[in-house]
Amino acid sequence: MNHNMGLFLIHSVAVPLNSSVSCFTIMAKGGSSMDCSTAKGEFVYERAVPSIRWPESQQFKVDEKFDWISALEDIAPASPNTLECRNVKELVIGHSEAASIPPAGQNPVMPSSIHVRKKMSMLALKKARDWRQRVQRLSHAICRLDEREFVYTILESWTEQLTPTDLCFVVKQVGSTHWQRALELYECVNMSKWYTPNPRMLTTILSVLGRAQQSSLAEELFERAEPELGECVQVYNTMMGLYARHGEWEKMQLLYGQMQQKGCQPDLVTYNILVNAQTKAGLQPGMAVSLLEGIHEAGLRPDAITYNTLISACSSQNRWAEAEEIFDEMRRQHCEPDIWTYNAMISVYGRSGAVEAAKHIFTSMQVKGFDPDAVTYNSMLYAFAKAGRIDEVDQIRKKMLASDCHADEITYNTMIYMYGKAGLHHEAAATYSQMKSNRCHPDVVTFTVLIDALGKEGLVQEASNVYVEMVEKGIQPSLQAYSAMICAYAKAGLYLQADQTYRCMQESAVCPDVLAYSVMLDVYHKAEMPEKALQVYTSLMEAGCKPELRIFGIVFQLFYKKRMQMQLDLLGKDMVQSGFEPTELCSYLARNGLCDESLASLELALNQGFALTEEVIKDLLSSFAIARRYEDAREAVYVLAQLVPQRSILLYEALLLVLAKGEKFEEAQEELSKLKGRGQAVTFSIYKALIIAYEQAGMFDAALQVASDMYDSGLRPDIHCYKSAAMIYCLRGQPELAYNLLQNAMHALGEVKTSTIHIAIIESYGKLRQWQDAEIVFKEISQAGLPLCLKSYNALLLAYAESGKHNLAESTFDHILTSGFAPTVTSANFVLEAISNAEIVQDLDRFHKKMLKSGINPNLKTFCIMLNAFAKMGNQEEACRVYHHIKSLGFYPNMKVYKIMVSLFSKEANAKDAELILTDMKESGYEPDIAIYNSMISLYSKRQSYKSAAQVFQGMQAVGCLPDSMTFNTLICLYSRHLMVQEAYTLFQRMQKEGHLPDISTYTSLIAACGHLHLSEFATLLFKQMQDTGCKPDVTAFSVMLNVYRRAGNHQQAEVLVREMKDAGIHPTKETFHMLMDCYGKGGETLGAESTFESIKHAGIQPGVMHFTSLINAYLKSGEYDAAVDKLKHMTEAGIEANPVTITCFISAASTCQTLKHALVLLAGLQSVGISLPYRYMPLSWGIVWFSLNDWLYTRHRLLF
């Protein structure tokens, strides 16, 4: 120091307390600046002139001619008496080295107001118990200074001795209320020659300035002192903590590097600050564990603060897995968790929705002796509230009250949030009222969650009332409150009110964030206010916010709609500046279904030189495909191909794929032909996509044709193509072709890494009941080096089930158990199906018990299989037992169960039980379908109850269930059996009108009814119509029609019908010949009857009594009575006894004879073959025969009576 400068004068410039700065200037006599250089290694804080430090402040600009000495003398006149006995230790004992005491003759000037007090030694001063009082007295004295008074006036008159530590506490205590005074004290002390600055004092003032948000002043102090700091880690920690508090991560990293360069080793506090800063800057996944490992690598042991900081960071980002890992590590390192640790863990579990884990931590902390505090309860409330578990929220509230822990704003806010999320706005309002009644003042969060809850429920007026109440209470709405109110208005379509709220937010100097801007852009876009939307977008960009892609999408739509090309070009530049490529906007618009806007944005991006990517093409064409605008997609591809010809192949390929997936196969084939016409090779991906598309569309022939074309073009199919082709063959029921294809695939590819194709082939063979072939393919799975899986076993079980091979199925099931696989209920069901198909119903219960012993719980399908088995056997008792067992186990019968039961009762004509099942079904919430209605109609048909069947038919139509072919056929057959031909034919016509084709049974029943009513011509028309509609008559249909002609005695039509029957390849039966002969007989055509009789013999058919009777009847009709009697005798000689019909023919003929002779011949003929004629068969009206045959009757009377 330059000692020739004379006495040092300290001048304090008056600074108001509300100013942001305070400064002291050290001047020497003559106005020279103080030289603050010191010996090497001494901690020094060099001062600067205030006008240099704060050039913008007018209060530090002083006149250079100002007489500083006079001014100082006016303030504190010097007294020689007081200058003689002063030294540095008499005010502050902070530095005992002789170098700090000025040489003789250069004593510093001290004010006369300082009184001498008995000096204490350093040890005595430190041991004094009244140090707190010393610090308190000086702190209060400084804080009570008037704003025009200076700290120096206090120091110069202070008589108590203080240690450097005491002064640090004074600076800290003063700084808690007046950071300006603390800075003034710090600078005043550092200017004093009797005080040697130390790092602790610097650390203290830096902390004070950091808490006061005066980071620039703190930086300045640190930068001036930093060259002389050495290895003082506390100062670095303080400064790093200041940067961390303000989120200045880069500055903190730079300071950390400087610290290491100086050889200052970081301590645990340093790492805790780094961890805290890193968590505020954004904790990436896995970073928390990495930071913890870094502390261990530095040879330090993390403390509870470290773990709590990391857990809290994970909590804020909902990373419960990392938090859990850190918590476990904390306990492994024997670092006992504290209340903050438990609270942080509850919070992270609650935020992540792991409510049970949060409950476990809540219980554990109480077991460890920690009593839950308000933070604990609030975290638990939030966990249950987020999960919507309202009952448990009430339980926590009761525990909270029982522990005398009162609800605060966070408690009520959480509950209001919960009720709002659950849509219980009345409960949310009640909680708000309770909050006010308990004198807990609602804050901005309270009003925000209320507005948000009401707005989401569409209660805009109520939300607006809450907003007005918040303003009237003097609470400034936050950004979130404004945004919630704007969203409520926007949802209700009240765009004008949303606009007013937005302007109110701007006038309140609340700066919108990206979300608020986005909402307002949406509002103005929907309200068709493009000018205001443009203003919002401009404000957003000027505010330096980084817009989301969605915002650019809204703005692009506005510009595109108004054809504002210049603005569109500028928008592309804004996107680039925001880190987006214009092509990303194309994808965004396409994914939101804006095809035209997407195409326009892509053209704009391409014109600006951006590349066309495969993803963008896919998104664009997919949007056209979703909108079913395939022609527009083709036009878009043609336009883009001209803009970027180097990407044309990719464009056409993508178009082909879109057309194929959209099942626009004609257009796809057209584009494929164009592609080939341009000389471009069809790629493998196109062939593959076409094969898969055709397969999914069920166009198997086309898929196989494309596969063939691919093979012919020299492209080698991959496993997916082979798989698709094999699956097609399996679906078509051609497993042998699929098997050959599998062999080709294994030969071409060397190996097949999946057994999917094998399994499909096994299943296909199984459905065809070719279980031996299925076994061969199953064995080849292992031979191909592929592992057997449960699916492959189930496929084999399916094959056994379809073929009814129950022994093999059960053996395979046992093998699965012993092979280490766990058979599922599906496996067991296949075995049950095998037993059912083998119709060994007695084994069903046995295997069902075996299932249970194997640990396999049956499902509903299990019981359906058993139920169906008993139903097929017609065992109503067992079927009912299974049905009631299903209900007793808690299963709800499905439609399949009800169909089985109704069908069973229908077959057995059990109307009572069928109606009970229908009642059960309706009580279970099921409505009958067409199958059940048909079963009920069939049931009533069997019971000949056409009225009940008609009621079911009308009822099903009343509920909207349209009848099908089976419905009509059953009803027509029923009406026909009751000879209700008109009703039957009405249904027949309606059936055809509704597009249902009658089957052969329908025609047969209706024709038979016509025959009974002797409507032979109408029956003939029906038979002809049946042939014309492609319904080929069978032997029954021919027989029924022949019977019609028999009844009508139309032997000519009967002859034609028999010839048609033979032409159709149907050989006449004994019944056919009988009806034909009967036809001849009724017409008296003996020659035809005789010819037919001979045809029977030639056909190798032994004539029966009905054939003889028909021939006899023909003779009788033609009056050839002798021939009839001869034929009767001939029949008797052949060992064929006459039946009542034969006798009736003779009696009937006798009764119609014109002469007695002929009648007697006929009756004698009967007697000649041993037939006794009953008295009652003689017609009473035939008087002549009666008297003539009196003797004969008298003779036979004793035999008959």
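My entries below cover the ground rules, salt bridges, backbone angles, contacts along the chain, a pocket and a surface patch.

**Ground rules**

I am working with a predicted model, in which local features need pLDDT of at least 70, side-chain atom pairs count only at pLDDT 80 or more, and totals for chains, interfaces and linings use all residues. Residues are numbered from 1 along each chain as its sequence is written, and side-chain values use heavy atoms, with hydrogens and water left out.

**Salt bridges**

I began with the charged pairs, taking a salt bridge as a side-chain nitrogen of Lys or Arg within 4 Å of a carboxyl oxygen of Asp or Glu. By that rule I get 26 salt bridges.

I looked at Arg181 and Glu184, whose closest N and O atoms are 2.9 Å apart in a salt bridge. Helices here are DSSP runs of H or I with at least four residues, numbered from the N terminus. Because Arg181 and Glu184 sit 3 residues apart in helix H8 (residues 179-191), about one helical turn separates them. Are these two buried or exposed? Both Arg181 and Glu184 are buried, and my cut-offs for that are under 20% relative accessible area for buried, over 50% for exposed and partly exposed in between, with a 1.4 Å probe and protein chains only.

Next I checked Arg629 and Asp632, which form a salt bridge at 2.7 Å, N to O. Asp632 has a relative accessible area of 34%, so I noted Asp632 as partly exposed. Arg629 is partly exposed too, at 25%.

Then I followed Lys688 to Asp718, a salt bridge with its closest N and O atoms 3.3 Å apart. This pair links distant parts of the chain, 30 residues apart: Lys688 belongs to helix H37 (residues 684-696), and Asp718 to the loop between helix H38 (700-712) and helix H39 (719-731). At 22% relative accessibility Lys688 counts as partly exposed, whereas Asp718, at 18%, is buried.

I also found one network, in which salt bridges with shared partners join Glu810, Asp814, Asp843, Arg846 and Lys850.

**Positive phi**

Which residues other than glycine did I note with a positive phi? Arg769 has phi near 65°, and Glu839 has phi near 60°. I placed Arg769 in the loop between helix H41 (756-767) and helix H42 (771-783). Its relative accessibility is 56%, so Arg769 counts as exposed. Glu839 is in the loop between helix H45 (825-837) and helix H46 (842-853). With a relative accessible area of 52%, Glu839 is exposed.

**Pairs across the chain**

I went on to some C-alpha distances. Ala809 lies in helix H44 (residues 806-818) and is buried, at 0% relative accessibility. From the C-alpha of Ala809 to that of Ala828, 19 residues along the chain, I read 9.2 Å.

Gly420 is in helix H21 (residues 409-421), and its relative accessibility of 14% makes it buried.

Asn875 is in the loop between helix H47 (860-872) and helix H48 (876-888). I noted Asn875 as partly exposed, at 29%. Asn875 and Val841 are 34 residues apart in sequence, and their C-alpha atoms are 10.0 Å apart.

**The second largest pocket**

A pocket here is found on a 1 Å grid over the protein atoms alone, as an open set of points where a 1.4 Å probe fits, with protein on both sides within 12 Å along at least five of seven lines; lining residues have an atom within 4 Å of a point. Its volume is the space filled by probe spheres set on the points, which are joined across faces, edges and corners.

The second largest pocket holds about 300 Å³. It is lined by 14 residues, and Lys618, Ala654, Leu657, Val658 and Lys661 are the closest to its centre. Helix H33 (614-626) and helix H35 (648-661) are the elements that give two or more residues to this lining. By class I listed 7 nonpolar, 3 polar and 4 charged residues, with Ala, Val, Leu, Ile, Met, Phe, Trp, Tyr, Cys and Pro as nonpolar, Asp, Glu, Lys and Arg as charged, and the others, Gly among them, as polar.

**A surface patch**

My last stop was a nonpolar patch on the surface, formed by Leu979, Leu1013 and Leu1015, with about 220 Å² of accessible area together. Patch members have over 30% relative accessible area and no salt bridge, and nonpolar side chains (Val, Leu, Ile, Met, Phe, Trp, Tyr) are joined within 5 Å. The areas come from the Shrake-Rupley method with a 1.4 Å probe, and for residues only the protein chains shown count as cover. Leu1015 lies in the loop between helix H55 (1000-1012) and helix H56 (1016-1028), and at 35% relative accessibility Leu1015 is partly exposed.

Key
Patch = residues over 30% accessible without salt bridge, like charges linked within 9 Å, V, L, I, M, F, W, Y side chains within 5 Å.
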